[in-house]
Amino acid sequence: MLAPLSWLKEYVDINMAAIPFADKMTMSGSKVEGVEVLGEGISGIVIGKILSIEPHPNAEKLTIVKVDIGEKTLQIVTGAKNISVGDYVPVATDGAKLPGGVEILKGELRGEVSEGMLCSQEELGIAKNVIPEASKDGIWIINEALTLGADAVEALEAKDEIVEFEITSNRPDCLSMIGMAREAAATIGGQLKYPEISLKESDEAIDPSFKVTIEDHEGCRRYVAKVIKDVVIKPSPLWMQARLRKVGIRPINNIVDITNYVMHEYGQPLHAFDMDYIEGNQIIVRIASEDSFKTLDDVERKLNDSMTMIADGKKALAIAGVMGGAESEVTAKTTTILLESANFVGDRIRATSKKLALRTEASAKFEKGIDPNLAIVAANRACQLIELLGAGRVLKGVVDTYPVVKEERQFDVRPERVNALLGIELSNEEMINILATLEIKSEMVAGKIRATIPTFRDDLQQEADFIEEVGRIFGFDNIPATMMRGRVAVGGKTNGQMIEEKTKDNLNAMGFNEILTYSFVSPKSVDKIRVPEESIKRNFVRLLNPLGDETSVMRTSLLPNLLEVLSRNQSRKVEEVRAFEIGSIFIPKSAEAVDLPYEISNLVLGLYGDNEDFFTLKGAVEGLLNKLGISDYYFEAEKHHTTFHPGRCANVILNGHILGTVGEIHPLVMENFDLHKKCYCAELDYGRIVMHTRVDKLYKQLPKYPAITRDFAVVVRDTVFVKELEDIIKENGGDLLESYKLFDVYQGNQIAEGHKSIAYTLTYRHKDRTLTDEEVSKVHETIVAEINQKLGGALRE
Amino acid sequence: MEAKLKELQQLAQQEIREAGASEVLEKVRVKYLGKKGELTEVLRGMGSLSAEERPLIGKVANEVRESIEEMLASAKNLIKEKELLARLSSESLDVTMPGKAPAVGKRHPLIQGMDELKEIFIGMGFRVAEGPEVETVYYNFDALNAPPNHPSRDMSDTFYINDNLILRTQTSPVQVRTMEKLKPPIRIISPGRCFRNDTPDATHSPMFHQLEGLVVDKGITLADLKGTLEVFAKHFLGEHTKIKFRPHNFPFTEPSAEVDASCFKCQGEGCSFCKGSGWVEMLGAGMVHPNVLRNCGIDPEVYSGFAFGMGIDRLVMMKYEIDDIRLLFENDMRFINQF
């Protein structure tokens with residue numbers, strides 16, 4: 001909200017500069033977004049009156065103007081078109097400075113002396129959107145006879161400091177000059193001065209047969225109507241125009257300007273109807289019964305029966321609280337006005353404004369909630385201004401329909417609670433004084449502070465709300481900083497969180513970078529990784545209102561995002577990548593998705609690079625599992641996982657369950673992701689990994705006796721898996737076999753086609769004595785013989 | 001014979017002196033002292049000497065042998081030293097050539113920031129709590145005292161799955177879930193992913209990360225909140241960091257405050273980073289609203305608490321001077337490797 005300092009000062013004494021004032025307001029809860037200084041750096045502009053306008057002898061588009069600036073008359077050459085003799089205009093004299101450092105100097109224009117420049121509003125730093133129609137495309141025509149030669153910046157009130165406040169949603173009462181002045185008074189100490197409202201009023205009274213009926217009580221709490229006759233539509237005075245301009249409102253005419261002025265002063269929107277257009281001598285506030293309505297911006301709006309309308313005996317006049325109708329609008333021809341100061345219900349206005357996609361200053365104020373007791377004050381204030389400006393004759397009386405009067409509430413606050421929650425020690429009296437600055441009258445009743453809550457403070461509902469008021473006006477800065485007392489808590493991570501740290505540490509140690517990708521993906525992402533039609537991974541948790549198709553479903557696999565990252569890095573010429581992500585996948589619990597979905601923690605690893613292959617990735621997975629104390633797993637060839645190369649893919653099996661899959665990415669998937677370097681990825685059920693992690697370790701005695709190693713090489717068919725050999729080795733090695741190691745796999749010369757030679761080193765050891773050759777030979781030969789028998793593996797010579 | 005020995009000694013001395021390499025020296029040793037060496041030969045001839053001569057010549061012979069041995073030994077040391085020096089000099093490297101670093105991976109910078117924050121709070125006795133990313137409207141809004149018409153509930157702000165389910169917009173639901181399960185004293189932080197219906201640009205992301213904290217116990221005050229956040233700010237942003245509480249309004253807390261930290265780039269002097277104010281916005285905080293405590297089955301007459309929440313993405317971007325939030329989610333390895 002914009003608040004010109006000069007306007008605020010009308011209601012409260014602010015004896016400090018704008019910046020310290022802004023800081024104080026921020027610290028009491030009215031956050032200042034910024035302070036704009038108007039009219040800075042402008043000098044040498046004076047008020048002038050045009051005496052004559054002559055054509056320029058040498059230039060068709062220019063004229064020579066004589067301007068009276070009080071002490072003398074200047075000759076100015078101008079291209080302006082909107083000036084007439086007798087107009088009052090701002091004149092930049094020789095040496096004048098305009099915003100942005102522009103300097104005006106006496107000179108010659110096409111052979112004629114020009115002693116300055118006539119100024120437009122824009123040239124004096126006024127924003128385009130608030131410049132009135134009459135001055136829009138030319139010189140600022142001043143509609144008041146100001147003192148000639150007076151400083152224009154002063155006379156036109158162009159100098160000011162505009163404070164922009166951020167008002168929180170619980171404080172709609174602050175959305176006005178008076179509301180902010182009230183906060184300012186409480187913050188800096190001072191008395192709030194309300195405008196003194198007194199009406200002369202005409203002897204003529206409002207027609208007693210004119211009536212207002214509120215049919216829609218859910219949409220309207222109060223309707224105040226005043227009638228003004230003999231209206232003279234003209235521009236409003238400069239001071240009013242200046243204030244409106246500074247809060248971002250374009251001056252239109254006296255009546256519109258007065259309603260806007262009062263809306264900004266009090267926060268109560270007003271609306272003026274051309275009374276001649278109202279039929280049946282009555283106003284009815286009712287639910288919309290018509291299908292559409294043309295608002296004053298000449299747009300035909302579709303209505304429905306959840307909207308409140310202002311109507312007369314025959315037709316609709318306005319969409320309540322949002323916008324008036326095109327037909328009943330006040331125009332230059334208007335002579336009689338019905339002034340509406342109503343209280344519409346916030347929820348109703350919010351819904352209407354949303355449905356119409358039409359947000360106005362009035363609707364924005366109504367939807368936040370306005371005190372209905374304000375309606376009559378604002379109506380009277382507007383009428384006072386109408387009288388003051390000579391804009392019309394205010395008829396005696398008012399039609400005020402206010403079925404349920406809003407009364408002040410009382411609330412008891414325990415002072416000891418205030419101190420206990422804030423951690424301070426204020427006396428009862430100090431608290432009462434603080435509340436008083438906010439116009440909350442209070443007194444001690446039976447040990448409690450009985451607060452009388454003004455009707456504009458609906459946000460004060462509970463004790464905590466009062467505690468906040470005391471705290472913020474006392475100043476959060478004045479509250480000490482203490483450390484929590486009470487039982488000392490032991491902080492820390494859960495077992496699962498520690499395992500996750502360990503997982504990441506190990507993956508980092510193996511060169512894998514952690515990546516972070518969105519939880520939502522495109523439904524097409526599963527097509528890209530070739531997920532089969534019937535797969536559960538096609539059963540998505542879908543967003544109702546996604547940003548776009550690309551982020552419209554919750555992911556059922558982390559692979560698509562990982563591949564995307566690999567692809568992005570490949571396209572950016574990153575030569576080698578090792579990456580991992582731990583994140584959730586989402587599987588609906590029920591078809592209707594009424595319950596929370598399952599969120600299953602997954603781990604994906606991906607890599608590519610010149611020296612990488614299937615076994616680098618497999619080694620990383622093994623390395624990780626081993627570090628986490630998981631050993632009883634094995635790899636099994638997987639030929640049907642459609643994301644991976646059918647001959648280069650394996651499942652990791654743990655306790656009979658598939659823990660995950662490791663493999664080279666299928667060429668078709670590579671194509672889908674625009675990958676040109678081979679990628680190897682693993683997708684693992686991370687929850688299961690955590691479940692099986694054993695971080696406790698036991699020391700095993702180091703060997704005391706020497707080991708004996710024996711090698712063998714066998715030739716087997718190339719369809720035999722190494723694992724089959726190893727199963728035999730383990731089975732027959734007994735207690736003596738300490739370890740085994742594959743050291744060569746060979747195909748080619750001397751090996752029959754369709755066969756391969758596999759070579760192992762076996763290490764034997766006894767923990768209590770030195771083994772003999774005979775003992776070892778016995779076991780070793782059994783192993784070789786078993787391999788020969790079960791796999792047809794001939795010992796290679 | 002004595003003359004012969006003296007001659008041998010001189011010859012050997014000369015050859016030892018001239019020997020430049022250990023192999024040559026070895027040859028000299030064999031030549032004089034070896035089994036068939038010249039000195040050995042001479043000594044072998046001692047048998048023919050008279051009993052008077054033998055001890056005399058024997059003494060001389062021993063002296064000669066010892067002297068040759070001594071010379072050999074010292075020459076050997078010299079040569080070894082020389083050879084070592086030669087080898088060392090031939091083996092010298094251009095030590096300014098690049099090192100071969102083992103490839104070590106990095107945590108994502110955002111997670112690094114999150115971990116750093118977590119550690120600070122763990123040190124203050126907080127536990128880390130987690131919860132689902134898909135939440136119910138109840139836990140995300142209703143239980144947290146968000147009014148039914150609060151703009152944050154709009155579809156333009158929140159991603160909906162259906163009327164009942166949404167993607168959490170904050171990690172506060174974790175706090176509600178914790179309060180429902182645990183009895184005070186409670187001291188938790190809940191870091192995690194959050195979602196808001198924002199089109200991605202340099203400062204907005206539909207997915208972001210929050211870290212929220214909650215303390216509930218008897219006698220917890222706003223002063224305690226100030227104390228806790230002051231300790232946090234000093235740890236995270238530096239020992240000289242000051243904080244400032246600005247009253248604000250959040251449905252979840254009452255009183256509420258926005259908390260600024262003195263700018264850690266300019267120590268509060270005012271710079272382009274803090275737009276000259278000397279302060280940067282750090283987090284939102286306040287005393288847990290009694291409605292929220294009640295919603296979770298905790299009696300606000302007995303217990304009080306405070307809560308705070310901060311956007312990790314923003315803090316990490318501030319700290320590392322990252323100017324575009326989208327960089328965090330692109331996962332360019334050249335980006336991640338910088339941290």
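Which residues of helix 2 of chain B meet residues of helix 4 of chain B? In this predicted model, Ser22(B), Leu25(B), Arg29(B), Tyr32(B) and Leu33(B) in helix 2 meet Arg65(B), Ile68(B), Glu69(B), Leu72(B), Ala75(B), Lys76(B), Ile79(B), Lys80(B) and Glu83(B) in helix 4. Here, two residues are in contact if their C-beta atoms, placed from the backbone, lie within 7 Å.

**Basis of the report**

Residues are numbered from 1 along each chain as its sequence is written, and chains are lettered from A and ligands numbered from 1 in the order of writing. Because the model is predicted, local features need pLDDT of at least 70 and side-chain atom pairs count only at pLDDT 80 or more, while totals for chains, interfaces and linings use all residues.

**The two chains**

Chain A has 20 helices and 39 strands, whereas the secondary structure of chain B comes to twelve helices and nine strands. Helices (H or I, at least four residues) and strands (E, at least two) are DSSP runs, numbered from the N terminus. The radius of gyration of chain A is 42 Å, well over the 28 Å that the globule rule gives for 797 residues, so chain A is more spread out than a compact globule. For chain B the radius of gyration is 42 Å, while a compact globule of 339 residues would have a value near 20 Å. This radius is taken over C-alpha atoms, and the globule rule is 2.2 Å times the number of residues to the power 0.38.

| Chain | Extent of C-alpha atoms along the principal axes |
|---|---|
| Chain A | roughly 130 × 85 × 55 Å |
| Chain B | about 130 × 45 × 45 Å |

**Domains**

Domain bounds come from an automatic or database domain assignment. In chain A the assignment gives domain 1 (2–38 + 161–188), domain 2 (43–158), domain 3 (211–401), domain 4 (411–478), domain 5 (495–692) and domain 6 (708–795). The C-alpha centres of domain 1 and domain 2 of chain A lie 35 Å apart. Chain B is assigned domain 1 (2–90) and domain 2 (109–336), and 88 Å separate the C-alpha centres of these domains of chain B.

**Contact between the chains**

In chain B, 70 residues are in contact with 78 residues of chain A. Helix 8 (residues 222–237) of chain B supplies the largest share of the chain B side, seven residues. That side has 33 nonpolar, 20 polar and 17 charged residues. Ala, Val, Leu, Ile, Met, Phe, Trp, Tyr, Cys and Pro count as nonpolar, Asp, Glu, Lys and Arg as charged, and the others, Gly among them, as polar.

**Packed helices**

Helix 2 (residues 22–33) and helix 4 (residues 53–90) of chain B pack at an angle of about 170°, with their axes 10 Å apart. Axes are lines fitted to C-alpha atoms, for helices over the stretch in contact, and angles run from 0 to 180 degrees between N-to-C directions. Helix 2 and helix 4 of chain B are therefore roughly antiparallel; angles under 35 degrees count as roughly parallel, over 145 as roughly antiparallel, 65 to 115 as roughly perpendicular and the rest as oblique. Their contact has seven nonpolar, one polar and six charged residues.

In chain A, the axes of helix 6 (residues 254–266) and helix 9 (residues 374–388) come within 10 Å and cross at roughly 135°, which makes helix 6 of chain A oblique to helix 9 of chain A.

**Local backbone features**

The peptide bond from Pro184(B) to Pro185(B) is cis, with omega near 5°. Pro185(B) lies in the loop between helix 7 (172–181) and strand 4 (186–195) of chain B.
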